[in-house]
Structure formats: structure tokens, C-alpha cells
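Colleague: I have the model open and would like to talk through a few local details. Could you take my questions one at a time?

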Amino acid sequence: MTATSEIVTRALRKARVVAKDETATADDMADGVDALNMMLHQWKLRGVDLTHTNLAAADTFSLNAEYEEGTVYLLAERLSKDYNRPVGFDA
């Protein structure tokens, strides 16, 4: 099972906020977890009901493994705007 912190770290790396050999700061991790929770709640408003409850960084990511990569890319796209780091992929 994948930890929420791993999803956030992968997204921060895709958004070029954290380098491959770096660890996310506590503030970056908190911002990433908040953004992930808001994104998953927003999906419910758009008709994708995941029965999501807020996750903490140490929690197990609540979606099946096949949804991880897509979630990482969508979260990276969302976070890139906050860090003024435009992403170079089509999420």
C-alpha cells in the first residue's frame, strides 16, 4: 500500500518543486496533502464519489493502485500553479 506522503512527494517532483534526491519540507508536504484532499473532495462535486475522508501524510492512499499515477499528475498540475512552476506534460 502507498502512503499519502509518497503520492504528494511524487507530485512535488513532477512539478519540479522537490528534486529527486530531496525530501519535501514539512510545509510543502502539508500544502500537498491539503491540495490532494481538496482535489479528491472536488471530484465528488463533479460526480466521482470516492467516499473520501481527509487523509494525513502518514495515511494509506485511499484509491486503488491503478489510480495513483493519474492522481500524481493531476496533483502536480494543481501544485505547479502554487509554486509558479509550469508543468511540461499533459495531465
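Colleague: To start, how exposed is arginine 16?

Modeller: Arginine 16 is partly exposed, with a relative accessible area of 48%, where buried means under 20%, exposed means over 50% and partly exposed lies in between (1.4 Å probe, protein chains only). Before we go on, this is a predicted model, in which local features need pLDDT of at least 70 and side-chain atom pairs count only at pLDDT 80 or more, while totals for chains, interfaces and linings use all residues. Residues are numbered from 1 along each chain as its sequence is written, and side-chain values use heavy atoms, with hydrogens and water left out.

Colleague: Where does arginine 16 lie, and what is its phi?

Modeller: Arginine 16 lies in the loop between helix 1 (4–14) and helix 2, helices being DSSP runs of H or I with at least four residues, numbered from the N terminus. Its phi is near 60°, a positive value in a residue other than glycine. Most residues other than glycine have a negative phi.

Colleague: And what about the phi of asparagine 84?

Modeller: Asparagine 84 is not a glycine, yet has a positive phi of about 55°; asparagine 84 sits in the segment after helix 3 (68–82) and is exposed, at a relative accessible area of 69%.

Colleague: Changing topic, how many salt bridges does the structure hold?

Modeller: There are 2 salt bridges, each defined as a side-chain nitrogen of Lys or Arg within 4 Å of a carboxyl oxygen of Asp or Glu. In one of them, glutamate 68 meets arginine 10 at 3.2 Å, N to O, and this pair links distant parts of the chain, with glutamate 68 in helix 3 and arginine 10 in helix 1, 58 residues apart.

Colleague: Last one: which residues form the negative surface patch?

Modeller: The negative patch is formed by Asp27, Asp31, Asp34 and Asp82, where patch residues have over 30% relative accessible area and no salt bridge, and like charges are joined within 9 Å. Helix 2 (residues 26–45) gives the most to this patch, with 3 residues.

Terms used
Patch = residues over 30% accessible without salt bridge, like charges linked within 9 Å, V, L, I, M, F, W, Y side chains within 5 Å. Areas by Shrake-Rupley, 256 points an atom, 1.4 Å probe, with all protein chains shown as cover. Lys, Arg positive; Asp, Glu negative; His and termini not counted. Charge placed at Lys NZ, Arg CZ, Asp CG, Glu CD. Helix = DSSP H or I, 4+ residues; strand = E, 2+ residues; numbered from the N terminus.
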